[in-house]
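Me: Could we go through this model together? I would like to start with the ligand site.
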Amino acid sequence: MSTRIGFIGLGNMGGPMAANLVKAGHEVLGFDLSEAALGALEAAGGKRAASVAELAAAADVVVSMLPAGAHVRKIYMEEGGILENAKPGTILIDSSTIDVDSARAVASAAAEKGMSMVDAPVSGGVGGATAGTLTFMVGGPDEAFAKAKPYLDIMGKNIVHAGGAGNGQAAKICNNMILGISMIAVSEAFVLAERLGLDAQKLFDISSTASGQCWSLTSYCPVPGPVPTSPANNDYKPGFAAEMMLKDLKLAQEAAGSAGAATPLGAEASVLYDVFCKNGGQGSDFSAIVNFLRGTR
Ligand code: NAD
């Protein structure tokens with residue numbers, strides 16, 4: 001059955017996600033500040049809305065894919081926004097990666113209006129968005145999850161219900177905090193090995209089957225050679241850009257501050273990625289931090 005879906009934020013991720021909803025036979029009405037993004041949606045078979053208000057009033061389902069919490073609060077909660085204009089019962093899905101507090105504030109305002117909302121941030125990047133193979137980490141009540149799932153199934157492959165409102169964002173930033181810290185740990189070990197005269201391949205062969213084993217080592221090795229598909233073998237082209245890692249580490253620090261959790265290594269990782277991004281790391285894959293730690297970048 002065809003549903004009318006409003007899609008706000010048709011950028012690198014939102015554009016291909018919206019195109020997959022069109023391909024699945026849904027009527028997609030899009031809104032973005034960028035003319036090029038709207039043109040791309042039309043080329044993919046969608047239609048443009050003149051405003052957020054028009055889109056919200058017409059849609060049965062709204063999906064948003066915006067840069068940060070401030071954009072999401074504005075689009076949903078301000079005058080002329082989604083909550084003011086959508087019908088009660090509209091299904092709301094925010095897939096942006098944003099702070100947990102904003103996700104919970106918007107979800108609670110939506111519930112007051114009788115709308116069912118989930119936060120559903122993704123991993124999988126532009127490749128996953130295009131192929132429809134994203135992983136969605138979903139926060140919200142069971143009923144809202146059940147209503148959103150058929151649409152998430154079109155855009156993704158793994159759909160995980162992480163608990164109540166905000167828990168999708170919580171899962172995303174906790175996972176990426178592990179990733180940021182572990183990439184630094186693996187990078188430091190390779191730099192130390194170099195200084196000690198231990199060959200990178202030898203360290204890989206030993207640690208990948210020993211207690212140092214982790215995804216940053218075995219799937220995304222930060223030095224060229226041991227894992228041929230890792231960005232290290234492609235001049236550190238992203239992949240997952242260093243500035244995106246920095247964004248997620250900052251969100252984790254914000255959440256740790258507001259929840260009173262001690263995350264000293266998360267804090268240090270955030271500082272290191274910040275310095276790295278300000279010193280030539282921006283635009284590189286996040287694993288290029290190995291060159292920064294070695295002092296060659
Ligand atoms: P992007 O900058 O390419 O797209 C964002 C879009 O939102 C742009 O087209 C912009 O014009 C639009 N926009 C901004 N403010 C708006 C407003 N007020 N009204 C309407 N449109 C507005 O960003 P992206 O790479 O698509 O990322 C989107 C979200 O997905 C971010 O939260 C990001 O952290 C997350 N994410 C991105 C990736 C990735 O690999 N790019 C991976 C996982 C998660």
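Reply: On a 1 Å grid over the protein atoms alone, a pocket is an open set of points with protein on both sides within 12 Å along at least five of seven lines. A molecule sits in a pocket if more than half of its atoms lie within 2 Å of its grid points. By these terms, the ligand sits in the largest pocket. The model is predicted, with pLDDT of at least 70 required for local features and 80 or more for side-chain atom pairs, while totals for chains, interfaces and linings use all residues. Residues are numbered from 1 along each chain as its sequence is written, and side-chain values use heavy atoms, without hydrogens and water.

Me: How many residues surround the ligand?
Reply: There are 22, and the closest are Asn 12, Met 13, Asp 32, Leu 66 and Lys 247; a residue counts if one of its heavy atoms lies within 4 Å.

Me: Which atom of Asp 32 is 2.6 Å from a ligand oxygen?
Reply: An N or O atom in the Asp 32 side chain. The protein buries 82% of the 830 Å² that the ligand exposes when taken alone (Shrake-Rupley method, 1.4 Å probe).

Me: What about Met 13?
Reply: A backbone N or O atom of Met 13 lies 2.9 Å from a ligand oxygen.

Me: Switching topic: is Ser 187 buried or exposed?
Reply: Ser 187 counts as buried because its relative accessibility is 0%, and buried means under 20% relative accessible area (1.4 Å probe, protein chains only).

Note on methods:
Buried < 20%, exposed > 50% of the residue type's maximum accessible area, 1.4 Å probe, protein only. Polar contact = N/O pair within 3.5 Å; in protein donor to acceptor, adjacent residues only side chain to side chain. 1 Å grid on protein atoms, 1.4 Å probe; cavity = no way out; pocket = protein on both sides within 12 Å on 5 of 7 lines; lining within 4 Å.
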